[in-house]
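These are my notebook entries on one protein chain.

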Amino acid sequence: MSNDSTDPRDDPGGQVTEVDDEAPLVEDDLGSEVEVDTDADIDEDVDQDDLLGGLEIETTADIKVPDRLIDQVIGQERARDIIMKAAKQHRHVMMIGSPGTGKSMLAKAMTELLPKEDLQDVLVYHNPDDGNEPKIRTVPAGKGEQIVEAHKEEARKRNQMRSFLMWIIIAVVVGYSLLIAQDPLLGILAAGVIYLAFRYGSRGSDAMVPNLLINNADETTAPYEDATGAHAGALLGDVRHDPFQSGGMETPAHERVEAGAIHKAHKGVLFIDEINTLEIRSQQKLMTAIQEGKFAITGQSERSSGAMVQTEPVPTDFIMIAAGNLDAMENMHPALRNRIKGYGYEVYMDDTIEDTPEMRRKYVRFVAQEVEKDGRLPPYNADAVEEVILEARRRAGRKGHLTLGFRSLGGLVRVAGDIARAEGADKVTRDHVLQAKDRSRSIEQQLADDYIERRKDYELTVDQGSVVGRVNGLAVMGQDSGIVLPVMAEVTPSQGPGEVIATGQLKDMAMEAVENVSAIIKKFSDEDISEKDIHIQFVQAGQQGVEGDSASITVATAVISALEAVGVDQSVAMTGSLSVRGDVLPVGGVTYKIEAAAKAGLETVIIPRANEQDVMIEDEYKEMVDIIPVSHISEVLEVALADDIEKDGLVDRLKSITGQALQHEVGTGAGSPSPQ
């Protein structure tokens, strides 16, 4: 590590796990907020509904992109401030969050904040006392090449003198054999022996030339090494195998030494995404490199001659940025995480940001940044940028928010630009963005659309009439693809204690949801279901199975319909979680689920009332379906059950047993909605 103190006992700021919002970072030390730099005017009295946040531009060419990468980061203000402070104080950082939210961009941005004058070159020298323990020397950046060239020049001069002497001796020997001994064969053999002797002897002088292990001469910023998924040799360094290990033909050990990512990142940033995928032994050694600030290089393969070589410790004074999803913390070595936490920061990356005029202006800049980075796309006109911002709203899945999944949103920007370029257009228009939204559909969305079409072909989708025990449920494939997932229920006499049997590749949370539903059924039913088996089938759930609890109201409706022999309106689809009291709780992906129902020809969609604000379906689907928000299972049954003389009594009985729906909206302020 560097000479600067990194012990949290010496610096109270070292052991930080969250940002204190009441103690903002000093702007003079860490940089200030970056505003949109534009030659266009900004309407300060902007309407809250203005998608450009008051920017008056013709195209994104009117927007100036910041030079520093850290100033291009949008939305992750907390993470941005932590990165800036970590760069100043030489702290490690762990960033946890969804893919595509800017973790690698922030890591790269840190390299621009680190001092370039601290960079060093690392040289490996032959050890005359022990050839298997090469010596390590560090010099200021740029000096390494000069040292190596000086050694090479000296070696060339020695070799020239040796060659000159060799040819003189060969000439004398050959002359003697021809003129005096008159034995040409003897002269040729003697010349060959002399040549080999000189060549063999010259290898000793070549071994004196050091190996330039790390060369930072041409670096304009601190090093950035992405060691995501690196094997042990690539991460920790290695020593190449030498098949010629004797007889003077072997390659000197110091020339076979290869630097690892931890060594190349010296005085810079080591970025490791999905850090939990590293082998445990690699994580342990990485922890040693962080703690000691140096790590010796040895052969990583036990069968290689490099396993006999171990250099002196090589400096590894880097800042580590560890990243991953939430599951990264589960399989990460606890001591390594403790090391990062004790000497740095942990930050959770936001998925969405509040939709404000200021933030919309930054999204305009984001589009301009993507166009400039690509270098081949025409600028976006104002209408096209507005459509991108509308898509950012949709992908957020929350009312009044914009998505921070910039990687996928940037993909949309590039696809629309490619379409415009193929047409020879000088600007990207709204129509190009709409085409791009169709072309850039995820694999899951393409599968879902194909799935819906196939079901229509084989008449598997029932969207008319009423059927007892069958309900059109809604689910999500991936993150942005809705599908119709029918659920069927059947009640049969039991040959033992009655039980609830669910099939369809249900995951843990889905099974727990079914058990919660069974509690309501037991409390609701007038019949003794202890002698009945309730079979629940998730029809055509596929290999991916069912994960999450968003099918709870679907299961409950199907079972109640089967128990009471009351038909379910097949033009209705539904999604929602369910408490044991019968309250309908919010779920995720409601927008995509509603669109899937519309594509399948269904007319009515039931959603949790708490999700009503999250609905942002495309205009083409708005006239195709009626959206009915509910807060209690009794409201679900009122809509879903077909008109029947027993329907009203059934609903009233359920209300009297389970209690009225909560007067306030259920789920507001609760945790994250279910992903399904």
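I began with the term patch: a patch is made of residues with over 30% relative accessible area and no salt bridge, where like charges are joined within 9 Å and nonpolar side chains (Val, Leu, Ile, Met, Phe, Trp, Tyr) within 5 Å. A salt bridge is a side-chain nitrogen of Lys or Arg within 4 Å of a carboxyl oxygen of Asp or Glu. Accessible areas come from the Shrake-Rupley method with a 1.4 Å probe.

I noted that this is a predicted model, in which local features need pLDDT of at least 70, side-chain atom pairs count only at pLDDT 80 or more, and totals for chains, interfaces and linings use all residues. Residues are numbered from 1 along each chain as its sequence is written, and side-chain values use heavy atoms, without hydrogens and water.

Entry on helix α4. I found a negative surface patch formed by E145, E149, D218 and E219. E145 lies in helix α4 (residues 143-180); helices are DSSP runs of H or I with at least four residues, numbered from the N terminus. I recorded E145 as partly exposed because its relative accessibility is 34%; buried means under 20%, exposed over 50%, and partly exposed in between. L178 also belongs to α4. Y176, L178, L179 and I180 form a nonpolar surface patch with about 470 Å² of accessible area together.

Entry on helix α7. I located H263 in α7 (residues 261-264). H263 is buried, because its relative accessible area is 0%. Beyond its neighbours within four places in sequence, its contacts (heavy atoms within 4.5 Å) include I214, F295 and T316.

Entry on helix α18. I saw that nine of the ten residues of α18 (residues 590-599) are buried, among them Y592 and K593.

Methods:
Lys, Arg positive; Asp, Glu negative; His and termini not counted. Charge placed at Lys NZ, Arg CZ, Asp CG, Glu CD. Helix = DSSP H or I, 4+ residues; strand = E, 2+ residues; numbered from the N terminus. Buried < 20%, exposed > 50% of the residue type's maximum accessible area, 1.4 Å probe, protein only.
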